[in-house]
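I opened the notebook to go through the aromatic rings first, then a backbone angle and a surface patch. The entries follow in the order I looked things up.

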Amino acid sequence: SISWISGDGMSKQNFSFIAGEWVAGDSEIENRNPSDVTDLIGSYAQASIRQLETALDSAEVAQLEWSNSGLEQRYNALMAIGQEMIARSGELGELLSREEGKPRAEGVGEVYRAGQFFTYYAAETLRQIGDTADSVRPNIEI
């Protein structure tokens with residue numbers, strides 16, 4: 001989500017990313033640390049049925065685009081995600097530990113390991129087995 005501070009400078013509104021745009025939902029829900037319920041992590045947008053349908057339609061289009069992407073594009077996307085997660089594992093791990101009420105070290109480790117999965121599967125896009133190999137040029141086999 002993305003946060004916007006209201007004109008009064010006090011309230012914080014978190015939006016959802018749907019079909020390439022940050023949008024407010026029909027309602028909001030509080031997210032609190034389960035191990036310290038006084039720790040309000042934020043209030044987050046709850047999508048409407050229409051917004052959910054838009055998100056699902058957008059995901060279907062994105063899946064088709066991904067299935068038509070080449071190995072180099074997939075490698076670059078997966079590697080960038082993994083490296084960003086690893087680089088931000090402290091920040092994201094802190095948030096994860098607050099959201100789930102787990103020790104900080106566990107949250108940081110979980111994010112770091114998830115980043116490693118992305119980098120592993122990025123490398124797997126380049127590891128091809130068989131008689132032919134995909135080219136970095138569309139619709140070409142070597």
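I counted rings of Phe, Tyr and Trp (its six-membered ring) as a pair if their centres lie within 6.5 Å. The model is a predicted one.

**Aromatic pairs.** I searched the whole structure and found two aromatic pairs.

Tyrosine 120 is partly exposed at 44% relative accessibility, and tyrosine 121 is partly exposed at 48%.

**Charge over a ring.** I noted arginine 113 over the face of phenylalanine 117, 4.5 Å from the ring centre.

Which residue other than glycine has a positive phi near 55°? I found that value at alanine 19. Most residues other than glycine have a negative phi, so I wrote this down. Alanine 19 sits in the loop between β2 (12-18) and β3 (21-23). I put alanine 19 down as partly exposed because its relative accessibility is 43%, between the 20% and 50% cut-offs.

**Surface patch.** I listed a nonpolar patch on the surface made of Ile49, Leu52 and Leu56, with about 310 Å² of accessible area together. Isoleucine 49 belongs to helix α1 (residues 49-67). Its relative accessibility is 59%, so isoleucine 49 counts as exposed.

Technical notes:
Residues numbered from 1 in each chain as written. Predicted model: local features only at pLDDT ≥ 70, side-chain atom pairs only at ≥ 80, totals over all residues. Heavy atoms only, no water. Patch = residues over 30% accessible without salt bridge, like charges linked within 9 Å, V, L, I, M, F, W, Y side chains within 5 Å. Areas by Shrake-Rupley, 256 points an atom, 1.4 Å probe, with all protein chains shown as cover. Salt bridge = Lys/Arg side-chain N within 4 Å of Asp/Glu carboxyl O. Helix = DSSP H or I, 4+ residues; strand = E, 2+ residues; numbered from the N terminus. Buried < 20%, exposed > 50% of the residue type's maximum accessible area, 1.4 Å probe, protein only. Phe/Tyr/Trp six-rings, centres within 6.5 Å; stacked < 30°, edge-to-face > 60°. Lys NZ or Arg CZ within 6 Å of the ring centre and 35° of its normal.
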